[in-house]
Amino acid sequence: MDNGILERAESLAALAVKMGVEPAALEASVARWNRLVALGRDEDFGRRADTLVPIRTAPFYFGRAYPVVTNTQGGLSTTR
């Protein structure tokens with residue numbers, strides 16, 4: 001299903017092109033991640049070992065995230 005949120009590719013190199021990054025950089029990042037998963041530790045973000053899963057099999061996906069600011073202008077107005 002194409003929902004406009006996620007992008008899909010059949011290789012890391014093709015995914016990198018869609019992301020606008022160098023394919024070698026993405027491939028190196030995924031290789032590092034997979035090495036750390038094999039060691040059972042996330043040295044970059046400190047995730048627990050039981051949450052680490054290697055990235056190996058296509059298809060590969062990515063989605064863009066943007067910061068959003070919510071402002072309530074002081075919150076609710078109430079009477080007491």
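**Exercise 1. Is Arg32 buried, partly exposed or exposed, and what is its relative accessibility?**

Step 1. The classes are as follows: buried means under 20% relative accessible area, exposed means over 50%, and partly exposed lies in between (1.4 Å probe, protein chains only).
Step 2. Arg32 has a relative accessibility of 32%, so Arg32 counts as partly exposed.

A note on the model: this is a predicted model, in which local features need pLDDT of at least 70 and side-chain atom pairs count only at pLDDT 80 or more, while totals for chains, interfaces and linings use all residues. Residues are numbered from 1 along each chain as its sequence is written, and side-chain values use heavy atoms, with hydrogens and water left out.

**Exercise 2. State the confidence and the layout of the elements.**

Step 1. pLDDT is the predictor's confidence in each residue, from 0 to 100. The protein averages 90, and 90% of the residues score at least 70.
Step 2. Where pLDDT is low, the predicted coordinates should not be read in detail.
Step 3. Helices (H or I, at least four residues) and strands (E, at least two) are DSSP runs, numbered from the N terminus. The protein has 2 helices and 2 strands, in the order β-α-α-β from the N terminus on.
Step 4. Among these elements, H2 has the highest mean pLDDT (97) and S1 the lowest (94).

**Exercise 3. Compare the protein with a compact globule.**

Step 1. The radius of gyration is taken over C-alpha atoms, and the globule rule is 2.2 Å times the number of residues to the power 0.38.
Step 2. For 80 residues, a compact globule would come out near 12 Å, but the protein has 19 Å.
Step 3. Along the principal axes, the C-alpha trace spans about 60 × 30 × 25 Å.
Step 4. Of the 80 residues, 18% are buried.

**Exercise 4. Describe the salt bridges around Asp44.**

Step 1. Side chains of opposite charge can pair when their charged atoms come close. A salt bridge is a side-chain nitrogen of Lys or Arg within 4 Å of a carboxyl oxygen of Asp or Glu. By this rule there are 5 salt bridges.
Step 2. One of them joins Asp44 and Arg32, with the closest N and O atoms 2.8 Å apart. Asp44 lies in the loop between H2 and strand S2 (60–63) and Arg32 in helix H2, so this pair ties together parts that are 12 residues apart in sequence.
Step 3. Asp44 is partly exposed, at a relative accessible area of 42%.
Step 4. Another salt bridge joins Glu43 and Arg41, at 2.7 Å from N to O. Glu43 is partly exposed at 45%, and Arg41 is partly exposed at 42%.
Step 5. Arg32, Arg41, Glu43 and Asp44 are linked in a network of salt bridges.

**Exercise 5. Describe the salt bridge between Arg48 and Asp50.**

Step 1. The closest N and O atoms of Arg48 and Asp50 are 3.0 Å apart.
Step 2. Arg48 counts as exposed at 55% relative accessibility, and Asp50 counts as exposed at 61%.

**Exercise 6. Where is Asn34, and which residues does Asn34 contact?**

Step 1. Asn34 sits in helix H2 (residues 23–39).
Step 2. The relative accessible area of Asn34 is 16%, so Asn34 is buried.
Step 3. Contact means heavy atoms within 4.5 Å. Leaving aside neighbours within four places in sequence, Asn34 is in contact with Pro54, Ile55 and Arg56.
Step 4. For the whole protein, among contacts with a separation of 6 or more, 44% are between residues 24 or more positions apart.

**Exercise 7. Which residues make the nonpolar surface patch of about 330 Å²?**

Step 1. Patches are made of residues with over 30% relative accessible area and no salt bridge: like charges are joined within 9 Å, nonpolar side chains (Val, Leu, Ile, Met, Phe, Trp, Tyr) within 5 Å.
Step 2. The patch is made by Ile5, Leu6 and Tyr61.
Step 3. Ile5 is in the segment before strand S1 (6–9) and counts as exposed at 57%.

**Exercise 8. Locate the cis peptide bond.**

Step 1. The cis bond joins Ala58 and Pro59, with omega about 5°.
Step 2. Pro59 lies in the loop between H2 and S2.

Key:
Areas by Shrake-Rupley, 256 points an atom, 1.4 Å probe, with all protein chains shown as cover.
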